[in-house]
Amino acid sequence: MVHFTETFLFDYADYLSAVVKFLYKYKWIFCYNNTKFIRCGVLEQIPTDWISDLNNVSNEEFNHIPLGLIKDTWCNSFREFLLELKSLQVQYDAHQNNDQDDKYRKQIRKGINPKKSYEIENLCGFIESVKLAKDATVCIDFGSGLGYLSELVHERCGVKVLGIEGDVALVETCNNRSTASTTKAVQYCHHYITDASFGFIEQQCSDRFNNLLPHQAAVVGLHACADLSITAINCFLHCEWVQSLAIMPCCYHRMKPLDEKAPNEFRNFPLSQELRTILLDGKHSEIICRSFLRLGCQQTSARWKTRTVEQHHQHGRIMFRRGLIDAVLEHNESVRVGKLKQMPEEVTVDILLEQFTLLKEVDGTMQECPWTDHHRERIAALLEKYGTEGPKLAEYVECLQTCLQSVCENVILLDRMCYLEREANQSGIKIHRNLVRLRDDGLSPRCFIFYATKVQ
């Protein structure tokens, strides 16, 4: 395990090189759309010794494999996989809730679920703890949504806040909800943020908050989805009036591709020269795909560890059935998934087809079509091939993916931090930076705060 802290000089090239080689070796676990694991032959790629070891674990042991459990009795190749995985884990500083955060949780506002409340209270608590808004004339909330973070930051830090949101309906909701006492101090703007927005944002701050120039802004973001977190990083780097940054990146798989013909090549990933150099050989670049990005932001091992035997069985059945259906579709076919009143343990052709409606492209539109005898024959052949083991093997694949989730996310976040450091250094900007992990990643997979501040 390696450590990443605010004061530690992290060796990005060394870590990224090691983790890329590891992920390439085990790319069969994740380099495909999850519904295509049967079509891609993933079940045949699970080593038989691994299956034997997994067949003999208790539910508690199974739940703790992604958390680092390794048994002496397991085969050498499985132990090698898990030991190398453990060496690539990164320990980050953790943010500890304070009493005020806990008080906010007990006073959850109507319409905010516990997950969202946890994220809001922790990001605001962090902003307070590092005094992010102490010297700021304005705090800019990127992707402000319904404005709950904007309001809490103003309430707790006493700073003016401009919430910027691309959904006009959410902006209208925020404006209608704002009270008279906070309307002038907390304002919302409808705008879709891009790298071309920085001048517009600065002018909005000037126009809305009594022409206070020059601004000293703090950029924050609770739902810095897809490319928005990179835009926030670039805003911090290229705008002298932005002093600090605290965002929670998420939804990496929604990042924009270079173009429609290259769906697995992205505008903003990789960002760092270090990772781009490692991937130059072409072979290792195969791991950079949308499935990799999706795995990086899916549930963490903390949520996996609480699953019961029945929950594993249920999830395995669902995953196996979805994979079976996908494996028999032609290129112009898709399905609409229906809900069964009850999920029977037995999988038959008729039960399977009862849950899925076949859609086929006809004259540019998707139309419902009956299942053919050819579909039925192919499903029957797959059921005969996998027997009753299919759902269990599907859950084993999910377990292995959960093992890899954290290192995939490490690559994404450390690539961004490496980019930030290099760009700041080349521009002569001195910074403090950190990646801070929330303690309860079982409640929220959005568990990292990406933090940077300029040093005068």
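I take 65 to 115 degrees between axes as roughly perpendicular. The model I am reading is a predicted one.

**Entry 1: α3 against α19**

I looked up how α3 and α19 cross. Their axes come within 11 Å and cross at roughly 95°. That value falls in the range above, so I call α3 and α19 roughly perpendicular to each other. From α3, the residues in the contact are Trp50, Ile51, Leu54 and Asn55. They meet Lys392, Leu393, Tyr396 and Leu400 in α19. By class I get 6 nonpolar, 1 polar and 1 charged residues for this contact.

Which residues of α3 are buried? In this helix, residues 48-55, I find Trp50, Ile51, Asp53 and Leu54. Seen down the axis of α3, the buried residues fall within an arc of 160°, so they line one face of the helix. Their cover includes α4 (59-64), α5 (76-87) and α19.

**Entry 2: α16 against α19**

Next I checked α16 (residues 309-327) with α19 (residues 390-426). They pack at an angle of about 100°, and their axes are 7 Å apart. α16 and α19 are therefore roughly perpendicular to each other. On the α16 side I list His312, His315, Gly316, Arg317, Met319 and Phe320. On the α19 side I list Gly390, Pro391, Ala394, Glu395, Val397 and Glu398. The contact of α16 with α19 has 5 nonpolar, 4 polar and 3 charged residues.

**Entry 3: the core**

I then turned to the largest nonpolar core, which has 151 residues. Leu23, Phe78, Phe81, Phe269, Phe292 and Leu404 touch the most other members. Which element gives the most to this core? I find α19, with 19 residues.

I followed Leu404 and set aside neighbours within four places in sequence. Leu404 is in contact with Phe22, Leu23, Tyr26, Ile29, Phe30, Phe81, Leu85 and Leu295.

Phe269 turned up again in a backbone check. A cis peptide bond joins Phe269 and Pro270, with omega about 0°. I place Pro270 in the loop between β7 (242-250) and α13 (273-278).

How many of the 11 residues of α12 are buried? I count 10 in this helix (residues 228-238), so α12 is largely enclosed by the rest of the structure. Among them are Leu228, Ile230, Ile233, Phe236 and Leu237. Ser229, Thr231 and Asn234 are also buried.

I looked at Ala226, in the loop between β6 (217-225) and α12. Its phi is positive, about 55°, although Ala226 is not a glycine. Ala226 has a relative accessible area of 11%, so I log it as buried.

**Entry 4: the loop between α7 and β3**

Lys131 sits in the loop between α7 and β3. Phi of Lys131 is near 55°, a positive value in a residue other than glycine. Is Lys131 buried or exposed? Lys131 is exposed, at a relative accessible area of 54%.

Ala133 is in the loop between α7 (114-129) and β3 (138-142). At 8% relative accessibility, Ala133 counts as buried. Leaving out residues up to four places away in sequence, I find Ala133 touching Ile127, Cys157 and Val159.

**Entry 5: Thr5**

Last, I looked up Thr5, in the loop between β1 (2-4) and α1 (12-25). Thr5 and Asn434 are 429 residues apart along the chain, yet their C-alpha atoms are separated by 6.1 Å. Not counting residues up to four places away in sequence, Thr5 touches Asp93, Arg433 and Asn434.

Definitions and conventions. Residues are numbered from 1 along each chain as its sequence is written. This is a predicted model: local features need pLDDT of at least 70, side-chain atom pairs count only at pLDDT 80 or more; totals for chains, interfaces and linings use all residues. Side-chain values use heavy atoms; hydrogens and water are left out. Axes are lines fitted to C-alpha atoms, for helices over the stretch in contact, and angles run from 0 to 180 degrees between N-to-C directions. Helices (H or I, at least four residues) and strands (E, at least two) are DSSP runs, numbered from the N terminus. Angles under 35 degrees count as roughly parallel, over 145 as roughly antiparallel, 65 to 115 as roughly perpendicular and the rest as oblique. Contact means heavy atoms within 4.5 Å. Ala, Val, Leu, Ile, Met, Phe, Trp, Tyr, Cys and Pro count as nonpolar, Asp, Glu, Lys and Arg as charged, and the others, Gly among them, as polar. Buried means under 20% relative accessible area, exposed over 50%, partly exposed in between (1.4 Å probe, protein chains only). The arc is that of the directions from the helix axis to the C-beta atoms. A nonpolar core is a set of buried Ala, Val, Leu, Ile, Met, Phe, Trp, Tyr and Cys residues joined through side-chain atoms within 4.5 Å.
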